[in-house]
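Hi everyone, thanks for coming along.

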Amino acid sequence: MRTLAMCVLLGSAIVAGQHFQEGDGKKRNPAIGNIVAIAAGEKAFNEGCAVCHGQNGQGGRGPNLAHGRVMWHTLSDEATYKRIKEGVPSGGMPPTPGSEEKLWQLTAYVVALRAPAAESPQTGDAAVGETLFWGKAGCNECHSIRGKGGSIGPDLSDAGGSRSTTVIRMAIEDPGANGSKGFEKARVVLKNGTALEGVLKNRNNYSLQLLDGRGELHLLLMTAVREFTVAKQSAMPPNYKARFSAAEINGLVAYLAKQTARPLQAAN
Amino acid sequence: MIKTAMALAMVAAGAMAQVKPEDILKSPNADWLTYAGDYRGTRHSPLKQITVANASSLVPKWVYHVPKASKLEVSPLVHRGVMYITAPNEVRALDARTGRLIWEWKDGRATRSDVNRGAGLLGDSVFVATSDCYLTALNRKTGALLWQKQYADTKKGVFCSSAPFAVKDRVLVGTAGGDTGMRGFVAAHNATTGEEMWKFYTVPAKGEKGAETWGEYVEWGGAATWLSGTYDPELNTLYWTTGNPWPDFYDGDRKGDNLYSCSVVALDVDTGKLKWHFQFTPGDTHDWDGQSWPVLVDRMVKGKMRKILLHPNRNGFYYVLDRTTGEFLHATKLNDLVDWASGIDERGRPIKVPGKDPTPAGNRVCPGVRGGANWMAPTFSPDTGLLYVITMEQCDIYTSSAKKPEPMTGFSGGGAGPKPRDAGTFYLRALDAATGKRMWEYPMPGPGVAWSGTVSTAGGVVFVGDDEGQLVALDAKSGRHLWHFQMGEDLFASPITYAVDGKQYVAIASATAVFSFGLFEPAQSVELVKGAR
């Protein structure tokens, strides 16, 4: 929560020049993407909405607003505004009182929570992040960008185009918080004594598909497996927040936010 | 146990191997590495574990339901135990023995969602074209993005649906959208970087050679290239078929042959230079794309062994060409219901029957708009010398409109449809490849909605998806029914066959799922493994 507020404030210089048009080319409310409006919206969110929707919109009694939906098919700005204003009586969400300006500030905050990081203001220095990614943070040992880097972690070639800033930041600061399905670290011993280590792409009682540290696939029938163990923790190191400064992590977020598979305008 | 461990080691080692151009030259074997299995478009596999004698014991081995799919047209690829399937803007890798998902890739930013017919494989990459024409290379082991390159402009009426075709160091791609105005082309892109190497337009620009065969709208003329091509490595030649001229049903603004619509073009794979072309339906007014497969085989024709190209066409005729020179050898009627032309003359041009163009009031013409044959994949068996092709017996009422053509508005110069309601009947026909003589046929009654194709095997079996959701196995020699399985929904894709750990499978996509079949084996109890939770 605090980090996002900082992001938002520090990012005011960057926000100029962002393009804020909806997919159909309609002009958006000036609050959307506006750093001051988003900060005001966050304050209002924490005072009224976070009770149900959780800090950073991570969910609680109410739905998670930053995850769980395909980002490209979320509600339009107007529909989000309407939902905030009128509530969802059938789901137990009350109407939100306040001026039109305040409701648009809230809308701007909710939109920012789920917007692709590449389209959101960033405070960090992407160059710092790039150096970290390929250097002392060692992200590239597991993650790849456009074919360079390791292969046992999720590909980050489209990190900024497919994930919100919040999601990227949480993945760094609290890895595994949203599960690690398809990337669980595992060790498999075959009946012939061969031991394999890697991440599980899929498994059930009858077969498993494992990607080893060299990026090779092993398609195993369980009739060939003597034992296997699955780590309870994410394979991602849990201590980045302690190891790196806020500026470094902001830089990493900014660098990942820049990674898009195709030009952003193609989305519109 | 030892046997299993050995098998496992083989699979593990196999997964490491790259897909080399020479591997594709040997495909299909246990693997199925191109849309049609091989470069020649034959869809014939040397696998022979499944035979005429035991096909009755086929059972489903697994089913993979593709989330949110509604009309899968994919022909799967298989390499060393991994199956690659596509849906619009999506690619998935499955364990080909178990149907378990290994990875999936989705392009959430694609601006269109149309059908997709499959992937290409080369090196460590799997290639797919998104509906909005981003040629995409993914790491075939992880699904990680390697590069994306938009190769056609969707703002000019183009969309993309065909499987990329990997030849040498390049990936060949085609274009769709010819029914609403666009300019078709085939392009080669560097498989490592995605950079364009050459582009061959199937419709000339104004002022270029061939433009005189069109009218004012030449640069919106269509001739889309919406199926993959075939390739002869010895001749270093790529064969690609082209779609209808636009507007589909009215030629008032495009009097002439409309080159190179409804044709096959032979291109130098290194340069994209045109070697020859052959046009099946000059100045077409019935939407009879030339998209059926150009199948490349070597057969005796009139006492001489020749490199020939087989082509069952949507216009109701079956063509045999010399693929070295493009020389027309002969054509025969593919369908019983053909009334727009009385035959094909010695130059390969149709002998047209007057009064068979679409009219404002409607004119009944055979074959119907879906054609005597279409893109449903045929197969050629060198063991029988037969080409197995799905044909449609139907006529349609064709209408025309002289309205001023406006590209990308859905205008196609008229339309076509059955009146009164006549679903027509699909037949799988076995033709003597060299002569076109019909050796047997197998009727496939149904609602007339199928777009499935075929695969044949050295086991003497032809598999075909029918018009009622069934995969059917027939004796390749006689057309005798051996086995069928009801998949519960319509079929728009063609079957393939592959092997893993010495076991042969036959796979096909239904509208929403991929099924894989193999010979029945009693289940063996699987002990719970220590450490599993």
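A quick word on conventions. This is a predicted model, so local features need pLDDT of at least 70 and side-chain atom pairs count only at pLDDT 80 or more, while totals for chains, interfaces and linings use all residues. Residues are numbered from 1 along each chain as its sequence is written, and chains are lettered from A and ligands numbered from 1 in the order in which they are written. Helices (H or I, at least four residues) and strands (E, at least two) are DSSP runs, numbered from the N terminus.

Let's stay with helix 4 of chain A, residues 77–86. Its buried residues are A:D77, A:T80, A:Y81 and A:I84. Buried here means 20 or more other C-beta atoms within 10 Å of the residue's own, exposed means 12 or fewer, and partly exposed is in between, with C-beta atoms placed from the backbone. Looking down the axis of helix 4, those buried residues fall within an arc of 100°, so they line one face of the helix. That arc is taken from the directions between the helix axis and the C-beta atoms. As a reminder, an α-helix has 3.6 residues a turn, so residues three or four places apart point the same way. On the other side of helix 4, A:A79 and A:E86 are exposed. Helix 5 (100–114) of chain A is part of what covers the buried residues.

A:G60 is partly exposed, with 13 other C-beta atoms within 10 Å. Setting aside neighbours within four places in sequence, A:G60 is in contact with A:C52, A:H53 and A:G54. By contact I mean two C-beta atoms, placed from the backbone, within 7 Å.

Where pLDDT is low, the predicted coordinates should not be read in detail.

On to the partner. Chain B has two helices and 40 strands. Of its 533 residues, 59% count as buried. A compact globule with 533 residues would have a radius of gyration near 24 Å, and chain B has 22 Å, which agrees. That radius is taken over C-alpha atoms, and the globule rule is 2.2 Å times the number of residues to the power 0.38.

Finally, where do the two chains meet? The contact takes 41 residues from chain A and 36 residues from chain B. On chain A, the elements that each supply at least two residues include helix 7 (159–162), strand 4 (195–203) and strand 7 (225–234). That side of chain A divides into 18 nonpolar, 15 polar and eight charged residues. Here Ala, Val, Leu, Ile, Met, Phe, Trp, Tyr, Cys and Pro count as nonpolar, Asp, Glu, Lys and Arg as charged, and the others, Gly among them, as polar.
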